[in-house]
Amino acid sequence: MLVSDLPTPALLVDRARLHANLDAAQARADALGVALRPHAKTHKSPDLARLQAERGARGLTVATTDEAEAFAAAGFDDIRVATPVVSAGKLARLARLQGEGVRVSFTVDSAAGVARASRAFSEAGQTAEVLIEVDSGHGRCGVEWDDRPALAQLGAVAGGAEAVQLVGVLTHGGMSYDGPRAGETADDALQHAADAERDRVLAAAEALVEAGWLDAATAEVSIGSTPAFGRFRPAEGGGRGGLRVTEARPGTYVFYDAGQVALGAARLQDCALLCVGTTLSVRRDDDGTERTITDAGKKVLTSDGGAGLAGFGTVLYSPRTMIAHPHARVTALSEEHGFVDTPGGAIWEVGDPVFVVPNHACVAVATRRELFVVDGDEVVETWETVAR
């Protein structure tokens with residue numbers, strides 16, 4: 001099958017660029033001495049997850065209970081949910097997976113969350129492995145990294161719970177997506193975010209070790225985010241009190257996307273995920289701008305923005321060479337339509353394909369039932385996605 005035979009909109013995965021990204025990330029993790037536990041929410045593909053495991057990934061990260069069940073059903077037996085799980089139904093489902101032989105872990109950031117986990121896993125005759133989620137600056141879930149009394153208090157709650165085992169701490173360095181501040185280069189911004197994530201999660205772990213709720217020799221210290229992983233470096237002197245970062249959970253590195261390129265975390269030529277749409281209509285404005293309307297709307301390209309981004313994806317002049325069109329911009333999206341404006345005239349006619357690198361790969365994939373792996377113009381594999 002050729003790409004031109006596919007119904008659009010469709011997501012294409014360039015096989016060569018994908019394999020290069022997988023190889024590079026695993027080599028980096030090995031060189032740094034950290035376990036790579038990739039975040040599968042980016043690709044939602046058991047086929048791709050197997051490629052990660054073959055290269056040495058240790059377990060998977062997921063975002064939802066649905067994803068945990070789907071990847072367990074596909075044969076993966078070490079799954080970490082990188083968010084607090086608090087509803088009785090979802091906790092019971094995770095306990096059921098553990099009873100079937102899957103190592104399951106998830107985060108807690110409150111005494112109520114610990115109590116709910118303990119109750120659900122106790123009723124199932126299981127013990128929940130949990131990590132205290134640490135807010136290292138992103139402002140999402142988690143105990144603030146420098147609130148040592150709160151960390152020690154939650155450690156005590158977890159340590160005293162009937163069916164809970166505290167195994168470590170976890171954070172998401174979402175600050176790496178903020179972009180540079182005034183007078184700061186993109187590279188400096190990424191390095192500062194990566195160093196802050198490392199230092200702050202280690203400080204939180206140290207507070208729990210000093211309070212007696214973690215053992216420095218066995219504590220799991222988990223960091224996340226693709227941009228920060230690309231700049232991660234071990235702490236000088238080997239870590240705080242014998243503690244070190246033990247695992248990284250990047251996800252977007254498998255594909256990269258326009259957001260990663262804007263941050264300086266990747267080159268456009270590294271992006272392995274492309275959206276292909278079909279030109280439905282072409283209109284010319286009085287100022288000479290030509291508007292190409294495609295069938296790739298927000299359901300596939302997403303309306304996500306981000307630091308350094310202009311428009312809703314990067315329009316490609318050539319998907320083979322990954323050259324961006326110098327003038328075309330995706331300026332607007334509706335559910336089923338993408339509006340590509342080109343001052344001076346477009347290169348597309350009705351029926352022509354339009355290739356776009358999405359701003360955010362994870363959200364683009366979440367709407368698709370399948371990914372088409374391509375080698376040039378040929379579709380060589382079709383991968384099912386799970387847990388939409």
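Predicted model: local features only at pLDDT ≥ 70, side-chain atom pairs only at ≥ 80, totals over all residues.
Me: Which residues is Asn-359 in contact with, leaving aside its neighbours within four places in sequence?

Reply: They include Asp-257, Ala-258, Gly-259, Leu-301, Asp-304 and Phe-312. Gly-313 is another of these contacts, and the Asn-359 side chain reaches the backbone nitrogen of Gly-313 at 2.9 Å.

Me: How do I read a salt bridge, and how many salt bridges are there?

Reply: The general idea is that side chains of opposite charge can pair when their charged atoms come close. In this model the count is 26 salt bridges. One of them joins Asp-375 and Arg-15, with 3.1 Å between the closest N and O atoms. This pair links distant parts of the chain, as Asp-375 is in strand S18 (residues 370-375) and Arg-15 is in helix H1 (residues 15-32), 360 residues apart. Asp-375 is partly exposed at 43% relative accessibility, and Arg-15 is partly exposed at 30%.

Me: What separates Arg-198 and Asp-195 in helix H7?

Reply: About one helical turn, because they are three residues apart in H7 (residues 186-210).

Me: Where do Lys-299 and Glu-335 lie?

Reply: Lys-299 and Glu-335 form a salt bridge whose closest N and O atoms are 3.5 Å apart. Lys-299 is in helix H10 (residues 298-301), while Glu-335 is in the loop between strand S15 (329-333) and strand S16 (338-342), so the pair ties together parts that are 36 residues apart in sequence. Lys-299 is partly exposed at 37% relative accessibility, and Glu-335 is partly exposed at 48%. Elsewhere, salt bridges that share partners join Arg-37, Asp-78, Arg-80, Arg-103, Glu-129, Glu-220 and Glu-247 into one network.

Me: Now to a helix. Which residues of H6 are buried?

Reply: Leu-151, Leu-154, Gly-155 and Ala-158 are the buried residues of H6. They lie on the same side of H6, because they cover an arc of only 105° around the axis. Pro-149, Gln-153 and Gly-160 are exposed on the other side of H6. The buried residues pack against several elements, among them strand S5 (103-108), helix H5 (111-123), strand S6 (128-135) and H7.

Me: What should the 13 residues of helix H6 span?

Reply: At 1.5 Å a residue, H6 (residues 148-160) should span 18 Å, and its end C-alpha atoms are 18 Å apart, which agrees.

Me: One last feature. How many disulfides does the count come to?

Reply: In general, a disulfide is a covalent bond between the sulfur atoms of two cysteines. Here the count is zero. Cys-141 is in no disulfide, and the nearest cysteine sulfur, that of Cys-362, is 17 Å away. Cys-141 counts as partly exposed at 33% relative accessibility.

Technical notes:
Residues numbered from 1 in each chain as written. Heavy atoms only, no water. Salt bridge = Lys/Arg side-chain N within 4 Å of Asp/Glu carboxyl O. Helix = DSSP H or I, 4+ residues; strand = E, 2+ residues; numbered from the N terminus. Buried < 20%, exposed > 50% of the residue type's maximum accessible area, 1.4 Å probe, protein only. Expected span 1.5 Å × (residues − 1). Arc of directions from axis to C-beta. Contact = heavy atoms within 4.5 Å. Polar contact = N/O pair within 3.5 Å; in protein donor to acceptor, adjacent residues only side chain to side chain. Disulfide = S-S within 2.5 Å.
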